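Subject: A structure for you to look through

Hello,

Here is the structure I promised to pass on to you. Please open it and have a look around before you read my notes below.

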Amino acid sequence: MVTTHHLCLLRSTVLSVPVRLRAPRAPPHPRLPTASASASSYHGPTHLRRLRPLRAAAAAAGGASPDGADGAKRPAPAAASSSLGAALVGFARSNFLPLALIAGIALALMDPTLGCLAHKYSLSKYSTFGIFLISGLTLRTKELGAALEAWPAGLFGLASILLFTPFLAQFIMQIKFFPHEFITGLAMFCCMPTTLSSGVTLTQLVGGNTALALAMTAISNLLGIMIVPLSLAKYIGVGAGVSLPTEKLFKSLVTTLLIPIILGKVARETSKGIAGFVDGNKQGFSVTSAILLSLVPWIQVSRSRSLLLSVQPKAFAVAVTVGVLLHFALLAFNAAALHILSRLEQRGVSVFARNEYARAVILVASQKTLPVLVAVVEQLGGALGESGLLVIPCVAAHINQIIIDSIIVNWWRQRDQQFANAK
């Protein structure tokens, strides 16, 4: 009997399982219950009681899948990816210059072959020519008149570049560091004139007075041919035999700076079609200038990659930190001096207080050029130390100043946009 009873139990269990899992057959035309009836009076299987209110809610929401009890719509995956892509594109547009500079440096560190090949064919000279050609094409005549009106600001900028900032070299020389060429190179960097291209490009991007930036760049580099040897002899080392290839530097300035500006300006003034095309594509020309500018650190880092990797990381990090602090000191000095000068002038709005002039002076007067320093180091012939070690910290300082200033320019542009939207 135990065995028979046990078999009956097994038979009953097996037969009951499909009956419980099988859903009752719906009538041909079922009557849809209300929401309250579905929740209270319907006593069907558990999975149907859960599905039917969800179907009713979906029908009430117009067929959209609810996010919760309130029936909120979930964002579609395609819309979420589209908004993310738009955000990334917007970030890339607003920070294109620093991203391009960082990308060029990363490319040079990973594989310097292309950068060295670009240096072999003097691509940096063509990029500088292109930058100033674009500057001439976008230069408006009224900016030239405004630059003449802002001559006090330009005069201060020249004094800062050639007289005030070289004074910091003697304090940098007091730093005890090994290798000593790193500190000597940064002190020499203080005595250099302003950059040939990046200051003008950044001024143009931020909406500053490009003519004023061009004037300070050209005059400071021309005067620097005579003043830089005196500054180096006074602050770095007396009797070091510092000399500059005057004729070579002068020809380089004429061919890479003055001629492209004149060509661009003449083309703009003689053809209304060219002027209209340039004015209608300002964003495209700004991006082109940024790309041309990013070629400079790409080529420089590619050339110096082997030396950079041979230096101890700790020593290189200290030199980079000193270079960054030096640039911040130049920015702070020029900004503070312009603020003080703007308070001294009582008649109307001071030229030192107007953004288009102040920003041009701050950017141009706070940067130092690398090509002139390289030319000086070559002429010294090792009198102040190993040439490669003298140049390495200056390459880093030159790149860092462009990156820092591009971030400042982007901040200025975003703030101006916020003010414009508030109006």
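What follows is a short tour of what was found, starting with the whole chain and ending with two single residues.

Please keep in mind that this is a predicted model.

Let's begin with the overall picture. The protein chain has 20 helices and zero strands. Of its 423 residues, 43% are buried. The chain exposes about 23600 Å², and 66% of that comes from carbon and sulfur atoms. Looking at contacts between residues at least 6 apart in sequence, 83% join residues at least 24 apart.

Next, the inside. In soluble globular proteins, nonpolar side chains tend to be buried together. Here the largest nonpolar core has 53 residues, and the members that touch the most others are Ala169, Ile172, Met188, Met192, Leu232, Ile236 and Leu373. Helix α20 (residues 387–422) gives the most to this core, nine residues in total.

Now for a pair of helices. Two packed helices are described by the angle between their axes and the distance between the axes. Helix α12 (residues 198–205) packs against helix α13 (residues 210–235) at about 170°, and their axes are 9 Å apart. Because of that angle, α12 is roughly antiparallel to α13. On the α12 side the contact uses Val200, Thr203 and Gln204, while α13 brings Thr210, Ala213, Leu214 and Thr217. Sorted by class, this contact has three nonpolar, four polar and no charged residues.

Not counting residues up to four places away in sequence, Thr217 touches Thr194, Thr195, Leu196, Val200, Leu257 and Val364.

Last stop: Val372, which sits in helix α19 (residues 371–380). Val372 has a relative accessible area of 11%; the cut-off for buried is under 20%, so Val372 is buried. Which residues does Val372 touch, setting aside those up to four places away in sequence? They are Met192, Pro193 and Asn221. Val372 and Thr194 are 178 residues apart along the chain, and their C-alpha atoms are separated by 9.6 Å.

Enjoy exploring!

Best wishes

How values were computed: Residues numbered from 1 in each chain as written. Predicted model: local features only at pLDDT ≥ 70, side-chain atom pairs only at ≥ 80, totals over all residues. Heavy atoms only, no water. Core = buried A, V, L, I, M, F, W, Y, C linked by side-chain atoms within 4.5 Å. Buried < 20%, exposed > 50% of the residue type's maximum accessible area, 1.4 Å probe, protein only. Helix = DSSP H or I, 4+ residues; strand = E, 2+ residues; numbered from the N terminus. Axes fitted to C-alpha atoms, helices over the stretch in contact; angles between N-to-C directions. Parallel < 35°, antiparallel > 145°, perpendicular 65-115°, else oblique. Contact = heavy atoms within 4.5 Å. Nonpolar A, V, L, I, M, F, W, Y, C, P; charged D, E, K, R; others polar. Areas by Shrake-Rupley, 256 points an atom, 1.4 Å probe, with all protein chains shown as cover.
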